[in-house]
There are 2 protein chains.
Amino acid sequence: MYKVGIDLGGTNIKAGIVDAQYHIVKQASVPTQAERTYQEIVKDMAMLVKHLMEETGICEEEVEGIGIGSPGMIDAKEGVVVYSNNIRWDNVPLVQEMNSYFSCPVKISNDANCAALGEAKAGAAKGVPNVILLTLGTGVGGGIVVDGKLFEGGHAGGAELGHTMLVAGGEECTCGRRGCIEAYASATALIKEATRKALIHPESMMNILCKNDINNMNGKIPFDAAQAGDKAGKEVIDRYIRYLGESIADFVNIFRPDVVLLSGGVCNQGEKLTEPLNQYIKDKCFGGEKSFIPPVRCATLGNNAGIIGAASLI
Amino acid sequence: MYKVGIDLGGTNIKAGIVDAQYHIVKQASVPTQAERTYQEIVKDMAMLVKHLMEETGICEEEVEGIGIGSPGMIDAKEGVVVYSNNIRWDNVPLVQEMNSYFSCPVKISNDANCAALGEAKAGAAKGVPNVILLTLGTGVGGGIVVDGKLFEGGHAGGAELGHTMLVAGGEECTCGRRGCIEAYASATALIKEATRKALIHPESMMNILCKNDINNMNGKIPFDAAQAGDKAGKEVIDRYIRYLGESIADFVNIFRPDVVLLSGGVCNQGEKLTEPLNQYIKDKCFGGEKSFIPPVRCATLGNNAGIIGAASLI
C-alpha cells in the first residue's frame, strides 16, 4: 500500500506518493497561486495527486490515505485550516473539500507537526517514541511527538513552540508579542543580527563574505566568519547558540524527549550547529547531570520532509 | 473500593484514605524528619497508612492502591525518586520499598503532577480532559494532563514548567539558570519584589500593612495595597500579572488546554488574581481571537490537594 503526502506552501503545492518505507515513488509540484479561492487551490491539489497516480499506475484503492501539511493554525480533528497568513485562509474545510475528490481518508496538520512526525517515522528519529522538532526558518515552528504520536494540543493552535517567551519585552515577534523564541532563534533572526553586527563592524569578515553588499547576508556567512576567527561573526553565533540553547533546555524541561531535532537551512551547518548546542544545554536542563539530557541533532529528510511528513499523518 | 494518597513533604508526611468520589475518609500526618534514612521514612509512611486502615476498619483488600506525591525529580515508570532537594534523596526506590509493606499497587509522581491530576479528577477541572496547572509557592511547579492522563515527559524530569525561560539572563533561579518563570511568578518572587518596592517607597501603604517591619511582608499585602490604590503596590501586582500572564500564554501556545489552573497561597486572592490574568492573555495567545483561549481559574482542592492528588494516581 502507498500513502500520499501534500506539502501546501505559500508558493508551491508539492505532492508525492510514498511507499510503505516512506520512499517517495514520484513527486510533482504546481504553483499555489494563493490569491485564488480555496476551492480552486484544492482542485489543483487533487488534480496533482490524480496526475501522480496516473503516472505511476497506482490507483486510489492502493492508497491508504492522503496527508496534507499546511502552514498556519490547523484544527486537525475537524480537518479545518483555522487560518493561515501564507495562503490567507480563514476556516477552510480542507479535508471535506479534498474528500469531494477522493474517498480515501484525508488528514491535515501543521507543517512543522508533519515534519516532526516524518522524522520520527522515517528520518533522524526513526522509531524514537518522544521527539521535539524545531523548524528554524522564516519563523520557528514546533512539532511534538509523544509515544510515537503527534501531540497537537487539546484545541487547535497547540505545539506553537516558537511562540514561547524567551526574553519578555524583547525583540518584536510576528505574533504581536515581544521576545518569543522565533524572534531570536529563526533563520530570519540570525540574518538580522548578522546584518546588524556587520554594519557596525566594517572590519568584520562578514562584509567581505557578503561581497560588500549587506543584502547578500545569509545564515551561512556568520558561521563561516566565526570559524575563520572573525570576532563579530563569533559574537553573532555565540548569541544564536545561547538563545537557541536556552529554548531547547526549556523544551527538555517540559517534555524530556528522547531527542531534539532541528530542521531548516541553518542545519546545513551540521555539527557546527549541534555540537555547541549539545554542550550548552548540559547544565541548563533541570536536574543537570542527574537527569536524562537528550541529544540535539539535525533532521535528515531535507527537501522531502514536507511530502514524507504529510504522508506520515496516514 | 478506596484509594490511599500520601503527600510526602520536607516537613510532614500526610496520608489519607479517599473513597471512590475522592472524599477523604480519614487523614493523619507525622513529621518527616528528613535527616533519617529513606528506609526509616518509608517505614513511617507505611505505619501511618496501616494506622489509618485500622482506625477506619478499611482493610488492604478494600484499597485499590497507594499513590505518593513527592517533591523533586521522579521516575514514575521505575518508581524511583531520582533526587529531591527537600528530603535530600538520591535514587531512592520508593515504590519497591513501600511494596515491602503492601501488596497493592503503589505509584509515585511529582507533587505538582499529582495536584494537576487531582484537580482534573475531583477539583476545579473535574472531568476536563486537558489541563495545565501551575503551583505558585516557594517555587513554581507544573502539572500537565492530556486526554485525562498525566503527562510526565518521555524521561524523568519532564513537566518542569516553572523552569521555562521567561527573561533570558534575568533574575537568578534556584535551578542555576537565570530568568526562569519560577524567578518571576512564584510566591517567593512576588514577596521579594513587594519587599524591594516597599523599601524604596517608604510612603507605600505596603509598609503600614507590614506593621513597619518588612519581614512581615507576604503575598497578600501588595494585593491589598493595590486594591486600596497604593501606587507601589499596584506596580508590584501589575508586574506579577504581566510575568505570570506571559507564562500562561506560553503554555497555551504549547498545550492549548481546556483550562489553566493555578494553586498555592496566592490563589486566596481569587478573582483579584484570575480576572486580570484572563484579560492579559487574550491577545497574547497565538492566533488571538481566532483561537481557543482557555480560562484561567484557581484550583479548589486546597489543603487536601496533596492527598487527593496522590490518590488520583491510582
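1. In chain A of this predicted model, the contact between two helices is made on one side by Pro222(A), Phe223(A), Ala225(A) and Ala226(A) of α7(A), which meet Gly233(A), Lys234(A), Val236(A) and Ile237(A) of α8(A) on the other. Sorted by class, the residues of this contact of α7(A) with α8(A) comprise six nonpolar, one polar and one charged.

2. As for the geometry of that pair, helix α7 of chain A spans residues 220-227 and helix α8 of chain A spans residues 231-255, and their axes come within 7 Å and cross at roughly 120°. An angle over 145 degrees would count as roughly antiparallel and one of 65 to 115 as roughly perpendicular, and α7(A) and α8(A) are therefore oblique to each other. The crossing in which α7(A) passes α8(A) is left-handed.

3. Turning to chain B, helix α7 (residues 220-227) of chain B packs against helix α8 (residues 231-255) of chain B at an angle of about 120°, and the axes of these two helices are 7 Å apart. That angle makes α7(B) oblique to α8(B), and the handedness with which α7(B) passes α8(B) is left-handed.

4. The residues that bring the chain B helices together are, in α7(B), Pro222(B), Phe223(B), Ala225(B) and Ala226(B), and these meet Gly233(B), Lys234(B), Val236(B) and Ile237(B) in α8(B). The contact of α7(B) with α8(B) divides into six nonpolar residues, one polar residue and one charged residue.

5. On the level of domains, the assignment for chain A gives domain 1 as 2-123 + 304-311 and domain 2 as 131-298. The C-alpha centres of domain 1 of chain A and domain 2 of chain A are placed 28 Å apart, and the contact between them involves 16 residues of domain 1 of chain A and 16 residues of domain 2 of chain A.

6. Which elements of chain A each supply at least two residues of the side of domain 1 of chain A that touches domain 2 of chain A? They are β5 (73-75), β8 (106-110) and α3 (111-122) of chain A, and the largest share of that side of domain 1 of chain A, eight residues, comes from α3(A). By class, the side of domain 1 of chain A that touches domain 2 of chain A is made up of 10 nonpolar, three polar and three charged residues.

Technical notes: Residues are numbered from 1 along each chain as its sequence is written. Chains are lettered from A and ligands numbered from 1 in the order in which they are written. This is a predicted model: local features need pLDDT of at least 70, side-chain atom pairs count only at pLDDT 80 or more; totals for chains, interfaces and linings use all residues. Axes are lines fitted to C-alpha atoms, for helices over the stretch in contact, and angles run from 0 to 180 degrees between N-to-C directions. Helices (H or I, at least four residues) and strands (E, at least two) are DSSP runs, numbered from the N terminus. Angles under 35 degrees count as roughly parallel, over 145 as roughly antiparallel, 65 to 115 as roughly perpendicular and the rest as oblique. A crossing is left-handed if the near helix is turned anticlockwise from the far one by less than a right angle, and right-handed if clockwise. Two residues are in contact if their C-beta atoms, placed from the backbone, lie within 7 Å. Ala, Val, Leu, Ile, Met, Phe, Trp, Tyr, Cys and Pro count as nonpolar, Asp, Glu, Lys and Arg as charged, and the others, Gly among them, as polar. Domain bounds come from an automatic or database domain assignment.
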